[in-house]
Amino acid sequence: MKLRETLLSTAVNAKGVNGSENKPDELLRKVELNGDDHEMSGKLETPMKEGAFAINDETKIEQIEQRFAEIMDILGLDLTDDSLKGTPHRVAKMFVSEVFQGLNPENKPQVRLFENKYRYGQMLVEKDITVHSYCEHHFVPIIGKAHVAYISSGKVIGLSKINRIVRYFSKRPQVQERLTEQIAHELKNVLKTENVAVIIEADHMCVLTRGIEDSGSSTITAHYSGKFEDQDYRNELLNHVRAIK
Ligand SMILES: [Zn+2]
């Protein structure tokens, strides 16, 4: 988290320190999204095959259970052992009903809009939203936080819906860049505004526990659009994110 503090504080101070407005972009990677296009473009969508939901969840669990038992068997594990025999079913159920439930559009949160009756025109920031996702390259966890902000177009949504949207797109095999974009895209759609920002900072278990085994690094991605493309709005948001509770 020390890295995070450094990055965010550098981003906030960059303009004042050296007059450069580009510094935060170098540090907080901005992933471009094609402007006003509210249709999810090919690269934004999680790649799914045709007929992805032709079989029901129960059948998926049965089939994954069989295949996972085979993997364990190939690894040489004794599937008659008391401790191991339930694992294929547990893993299959966990994949379908828990950690990858966000693959199924039926689980997408329904969002109701409300009038912005307090005429609140400033940014609303929902910070430190839990992100539990899975790296699609290694199928190991991505654990982090999302900070989401929007400026109302006249409509608002219940705060917990923001958490639910983050959760829905997290519950898929993911790459952090796509997760960031999918959340931003969905928020723009439901809130009817381009004034949306999403920052995700996360630890990738594929980096921490295997390969390079670097437990000191974390990954930050950000999407800024509408008013958040303006440096002052970004700095205000980053100050809110950094503020101690
Ligand atoms: Zn990975």
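Two residues are in contact when their C-beta atoms, placed from the backbone, lie within 7 Å. By that rule, Ile183 touches Ala146, Ile165, Val166, Phe169 and Val198, not counting residues up to four places away in sequence. Please keep in mind that this is a predicted model, in which local features need pLDDT of at least 70, side-chain atom pairs count only at pLDDT 80 or more, and totals for chains, interfaces and linings use all residues. Residues are numbered from 1 along each chain as its sequence is written.

**The chain as a whole**

- The protein chain has eight helices and eight strands; these are DSSP runs, with helices being H or I of at least four residues and strands E of at least two, numbered from the N terminus.
- Of the chain's 245 residues, 27% count as buried. A residue is buried if 20 or more other C-beta atoms lie within 10 Å of its own, exposed if 12 or fewer, and partly exposed in between, with C-beta atoms placed from the backbone.
- Among contacts with a separation of 6 or more, 69% come from residues 24 or more positions apart.

**The nonpolar core**

- The largest nonpolar core holds 32 residues, and Val166, Ile183, Leu187 and Val198 touch the most other members.
- Contributions of at least two residues each come from β3, β4, α5 (159–170), α6 (176–191), β7, β8 (219–224) and α8 (231–242).
- A core here is a set of buried Ala, Val, Leu, Ile, Met, Phe, Trp, Tyr and Cys residues joined through C-beta atoms within 7 Å.
- As background, nonpolar side chains in soluble globular proteins tend to be buried together.

**Strands around β3 and β4**

- Strand β3 (residues 123–135) runs antiparallel to β4, and 10 bridges join the two. Strands are said to pair if DSSP finds at least two bridges between them.
- Two of the residue pairings between these strands are Glu126 with Val148 and Thr130 with Lys145.
- β3 and β4 form a hairpin with five residues between them, and Phe139 in the turn has a positive phi of about 55°.
- β4 also pairs with strand β7 (residues 196–204), in the antiparallel sense and over nine bridges. Here Ile143 has Asp203 of β7 as its bridge partner.
- β3 runs parallel to strand β6 (residues 173–174), with two bridges joining them.

**Ile151, in β4**

- Ile151 belongs to strand β4 (residues 141–151).
- Ile151 is partly exposed because 19 other C-beta atoms lie within 10 Å.
- Leaving out residues up to four places away in sequence, Ile151 touches Met123, Thr193, Asn195 and Lys227.
- Ile151 and Thr193 are 42 residues apart along the chain, and their C-alpha atoms are separated by 7.7 Å.

**Two helix pairs**

- The axes of α5 and α6 come within 10 Å and cross at roughly 140°. Axes are lines fitted to C-alpha atoms, for helices over the stretch in contact, and angles run from 0 to 180 degrees between N-to-C directions.
- That angle makes α5 oblique to α6; angles under 35 degrees count as roughly parallel, over 145 as roughly antiparallel, 65 to 115 as roughly perpendicular and the rest as oblique.
- The contact joins Ile165, Val166, Phe169 and Ser170 of α5 to Leu179, Gln182, Ile183, Glu186 and Leu187 of α6.
- Helix α3 (residues 57–74) and helix α4 (residues 87–99) have axes that come within 8 Å and cross at roughly 135°, so α3 and α4 are oblique to each other.
- Residues of α3 that meet α4 include Ile61, Ile64, Phe68 and Met72, while those on the α4 side include Val91, Ala92, Phe95 and Val96.

**Positive phi outside glycine**

- Asp128 is not a glycine, yet its phi is positive, near 55°. Asp128 has its place in strand β3 and counts as exposed because it has 12 C-beta neighbours inside 10 Å.
- Lys192 is also not a glycine and has a positive phi of about 55°. Lys192 lies in the loop between α6 and β7, and counts as exposed because it has 12 C-beta neighbours inside 10 Å.
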